[in-house]
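Hi everyone, thanks for making time this morning.

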Amino acid sequence: MERRRFLQLGSAALMGALGSTRSAYAAAPTDNRLVFVFLRGALDGLHALAPYADPAYRELRPQLALERDQVNDLNGYFGLHTGLGALMPLWQSGELSFLPATSTRYRSRSHFDAQNLLENGSTTPYGMRDGWLNRAILALNDNDRRLGLSIGPAVPLILQGQASVQSWSDSSLPEADEDFLLRVGRMYQQDPVFADAFHDAQGALQPDIDMNAMGGRNNSARDFAISAQVAADLLAHPQGPRVAVMEMTGWDTHFNQEARLNGLFQQLAEGIILLRDGLARDWSRTAVVVVSEFGRTAAENGSRGTDHGTGGLVMLAGGAVRGRQIGGDWPGLAQAALFEGRDVMPANPMEGLFKTLLIAHLGLPASVVESTVFPASTPLRPLEGLIVGV
Amino acid sequence: MAILRDDLRPELMDRFRTQVTTETPFAERLVRFWSNHFTVSNVVRVISPATTAFEREAIRPFIFGRFAEMLRASSRHPCMLTYLDNIRSVGPNSPQGRRQMQRQGLETTLNENLAREILELHTLGVNGGYTQDDVIEFAKAITGWGHSGLVGRDAPLPRQITFAFNEAAHEPGPKTVLGRRYPEAGDEEGVRILNVLAHHPSTARHIATKLARHFIADDPPPEAVETLTNVFLETGGNLAEVTRALVLLDAPWNQPLSKIKTHEEFVISVHRLAGLESLQQREVMEPLRELNQQPFSAPSPAGWSDRGPDWIGPEALMMRIDWARRYATTLPPTLSPDEVLQTALGPMCSEDTRTWVSRAASGDEALAMIFVSPEFQRR
């Protein structure tokens, strides 16, 4: 299969003709890697990390509650769905942790609005027009290098903004031949806008992955596995990006959620393992954060599914993560502990986790995080003890 | 009224064909401009089958009409009412709202989305001088604006949906927006407020700025914005007059090639230049999918960006080049690159571009070179 992207062969010759690109050689401000995995549609945290030993859990979910043999026990109270079993070695080695009952400041139940708010880092769905990760990247290096990587056909809001980012998607267009590109590059010398963009394209890295090994799976499984490998391959490059965003859809499980989630869990776990394998030596300085726009109802509905909720589950993986812990506060599932009598209480601020990742992991000054990345969020303190630290 | 279709592709292709073959491209450009100003996007999946109807019914008839009419048609179209959640907005003190709040223990049943976007994006602009209270009051005034519902949900598409006012969801009592009090008037309240917004000086400036940015430059000259603002105000938002004033300005003509085409404009202009009799679906839909600017898929209610740098990232540029190079190979060998170059760029063609086109190894390579030249990717 013909793959994106840019010139591998012949790029040295081109660079000789055009001069080196600034983006390819500027030093990166950090060697740590951050992978942001967005599960769009609202993950049912209680089905992934099940409080299987809690009687209230069984009462709320007479049909859906996971049994002891459907989980890998983590601490006698919580168990990890067996669909995510591929992640257990990470738990054992201290490279996996969980934050249940976590949420942004959004308190209504629209996917679209909740995703916007999570991505723009403000207090309202349209409070800011750019993404907080983009603002963080801008603050990291003033845009001398394209540190951000978007995997997928569209750059998501969280990466949109002033800092230019790389993007990778699976293209069906055949690539233009090198001789033609060489001439186009010469033609562009007259126009700085086109010359710069063309320059950066030549300096961009090409993922080196074996697409044929991905055969025989359904599309979304294939897509996520490919995304993980591309992200890992580009992130592992010394001159590559430092922050990657990838996403998975299909999590809005209003009915018959067991089989669907089982499949999605397996894809997610496989993707995380592919990230680990692809990042290889760099896995030790990587944090993978897996989030969803909100959680789902504590109780099951009448269709063997769950509806839009509030507090949700965040997963953290990677060598830079203080693993083998279930972090933050867990309010429990007693009726009085539920938000609006129906959802897992939002006990841990997702913005606090994001701040920790930016400050402790990527080394951004706290003052910058408070003033420009997450303005008006001072009461939401960074969450301690989750990251090994720079 | 909106007509829901199960397969939009034929209509989308007709829409592209019009763009490619039209003898009044300026009017089509205006349709796209206003369609983007009043963005509806299939990011909200349920509205996807009605998006083309929205443009046909709420935008196209008014591009040379009154801004107030377009604003009203857009704000009350079932597609917009659904896209920006007004169908879910219920007055907290309406009969329906009281029931819902009691039953579900909610703090409010009001959804401010449409009201906020009308103020911020469609009329006054983000710094246009409104407050959060104005948003809430305006949102209350348009509670009950909804549609006739998916009557016969199982009926085959196409189906028709019309605007409908749901009295039981309408917030009772007077509302105050921008310092002006509107007595309770049901469905009419929102119409009255829209009419004031449509003629507001902030709206005039907002629209003038966007038009100037689209037709002159990313950062348009202030005098041009001033002129258009004044014409908008003096004519009560007569878009024929505002558009005429735009064309009569010197600025758009003095600054040729200052704008970079969007992906859609680029793909359409390549097809216009190629001038083939039939337009192949693949050669429109595939590049736009790869470039991620499919019709009615803007990422947010703010619509597509109207600034050049947002359209020429490294990956996007390479994608344009890849597609243009492949498409050129499908064109008939009878197309003369010299003539095409003259048609495409005429006196705007730089020496460099002329040189590299003439050095192309083949006819199709020369055509591809014209398509990807900086001048042709600008406008």
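Predicted model: local features only at pLDDT ≥ 70, side-chain atom pairs only at ≥ 80, totals over all residues.

Residues are numbered from 1 along each chain as its sequence is written, and chains are lettered from A and ligands numbered from 1 in the order in which they are written.

So, chain B. It has 20 helices and six strands, meaning DSSP runs numbered from the N terminus, helices being H or I with at least four residues and strands E with at least two. Its C-alpha atoms fill a box of roughly 75 × 50 × 35 Å along the principal axes.

Now, which residues meet at the interface? On chain B, 31 residues are in contact with 32 residues of chain A; contact means C-beta atoms, placed from the backbone, within 7 Å. Helices 15, 16, 18 and 19 of chain B each give two or more residues to that side, and helix 16 gives the most, with 10.

Finally, helix 9 of chain A, residues 192–203, has 12 residues and reaches 16 Å from first C-alpha to last, close to the 16 Å expected, where the expected span is 1.5 Å times one less than the number of residues. Its buried residues include Phe194(A), Phe198(A) and His199(A). Buried means 20 or more other C-beta atoms, placed from the backbone, within 10 Å of the residue's own.

Technical notes:
Buried ≥ 20, exposed ≤ 12 C-beta atoms within 10 Å, placed from the backbone. Contact = placed C-beta atoms within 7 Å.
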